[in-house]
Amino acid sequence: MRQPHPSPTPGIGIDFGTTNSSIARASTNGSIDLVQFPSRTGTTESFRSVLYMDRTRHAGHLRLTTHTGPSAIEHYLDAEKKGRLIQSLKSYLSASNLTSTEILGRPFRFEDLIARILTDLRLEAERHFKTEIRHATVGRPVRFVGAETEADDTFAQSRLQQAFTLAGFEQVHFVMEPEAAAYAYEATLDRDELILIGDFGGGTSDFSLLRVGPNIRRRGRSPQDLLGNSGLGLAGDTFDARIVRHLVSPALGSNSLQRPASKHLPAVPAWIYTNLERWHYLSFLRTRNVTEILKSAHARAVEPDKIEALITLVEEDLGFQLHQAVQRLKYELSSSDSAEFRFIDGTLELRQQVTRTEFESWIAEDLAAIETCIDSLFQQTGIDPKEVDRVFLTGGTSFVPAVRSIFERRFTKTKVRSGNEFTSVARGLALHAQERQTRTA
Ligand SMILES: Nc1ncnc2c1ncn2[C@@H]1O[C@H](COP(=O)(O)OP(=O)(O)OP(=O)(O)O)[C@@H](O)[C@H]1O
Ligand SMILES: [Mg+2]
């Protein structure tokens, strides 16, 4: 049996992200130690939030094996016959009608799948900090992906809590992710400021308006320092979905008709392309039903080549490679005005030059939703945007120039700061944990 740890676990912050996770510990002097996760190419501070399940033969019996993080991707890429790679698991949490999924013929609850990632994160952190970890300060988005009501958010958080319990955590304290990022930013300040935080991740975009700074920390925080939070379940994954919709799906027949073309009937039902857009649904396309639909679509299609390419993508389970190609294009468009989308795998080859302006037109609706969400935060708090001293942007999607320019336009370039895009939430969670521990000690 496990012995309880003699002293309380030092403040550990865990950012379980839709795309990347990180873990930090803050010492009493405020310095931060980030867990270094091993991978084949060296160590990394951000652990990909992915899970890979495969069947392997042991002493004549087939056994399910699970890998998480960098090792999941390595095993997936190495496998000749692919198992299941699941991404963006956090995005399922609010869906009360989706409790489990079948993997390699067995049902798994989402909490259990997430718990497998969290267990490995805990073990890596224990190895790194050389201590048992049973308590953690954990981030949550203001609004979970797919959550429409407060009840959906509460439900999602309770599932995340369950996943942490299953992963061996006895006590978990939740903090809003953008508030955590604010504490990380606060550590760089030498005077108090009214700040707006924008945390743009893989699944969610979150905002906090709050007063932070050395004097506030010294006098002790009051609830009035937090003016408000807002958020929406849309971020990097949604931008990827737009690239799939406007570029990849048409190349795979989304606008193709079945014969006779005069009837204007689509060759492949639209829901298949909708699943193709979402990384967390993509692996569900490998079913017998979808194979049948695609086969008959191929036989009837006006452009069978495109449907054949779609069949190859689904049958050979190239979702991850497609995801990589989409992300590469997105990253390149963050630093260049134009980039080539390249997806080449065996017989499948898709290439297309894309300008940043084109990409921005694909995500225009999402950018508008982000602007509305920021407006609602100012309306709800009654704060005049002119009062904001500084804007701090973080999260991987804050690299997207169109996202940054929303803030530069509204608050001027000189007020916008950014940094530690992949670790500021974990850093801030650790600082928050440390502060709470000092207060209660
Ligand atoms: N240079 C870049 N340009 C555009 N997007 C990027 C860039 N780098 C990373 N991203 C995107 O950032 C997202 C991941 O960011 P991050 O790690 O902050 O998210 P997360 O914390 O896992 O998600 P969430 O906070 O929503 O749960 C991905 O969608 C990724 O494609
Ligand atoms: Mg995040």
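P260 sits in the loop between α6 (236-251) and α7 (270-277); helices (H or I, at least four residues) and strands (E, at least two) are DSSP runs, numbered from the N terminus. A cis peptide bond, with omega of about -5°, joins R259 and P260. Most peptide bonds are trans, and most residues other than glycine have a negative phi.

This is a predicted model, in which local features need pLDDT of at least 70, side-chain atom pairs count only at pLDDT 80 or more, and totals for chains, interfaces and linings use all residues. Residues are numbered from 1 along each chain as its sequence is written, chains are lettered from A and ligands numbered from 1 in the order in which they are written, and side-chain values use heavy atoms, with hydrogens and water left out.

T412 is in the loop between α14 (401-411) and β20, and N420 is in the loop between β20 and α15 (424-440). For relative accessible area, buried means under 20%, exposed over 50% and partly exposed in between (1.4 Å probe, protein chains only).

Two strands pair if DSSP finds at least two bridges between them. β19 (residues 390-394) pairs with β20 in the parallel sense over three bridges, and L393 stands opposite S418 in β20.

In strand β15 lies S205, which counts as buried because its relative accessibility is 0%. The S205 side chain reaches the backbone oxygen of L234 at 2.6 Å, a polar contact (a pair of N or O atoms within 3.5 Å; within protein, one must be able to donate a hydrogen and the other to accept it, and residues adjacent in sequence count only if both atoms are side-chain atoms).

Ligand 1 has 22 residues around it, of which T18, T19, N20, K330 and S334 come nearest; a residue counts here if one of its heavy atoms lies within 4 Å. An N or O atom in the side chain of N20 is 2.7 Å from an oxygen atom of ligand 1. For S334, a side-chain N or O atom is 2.7 Å from a nitrogen atom of the ligand.
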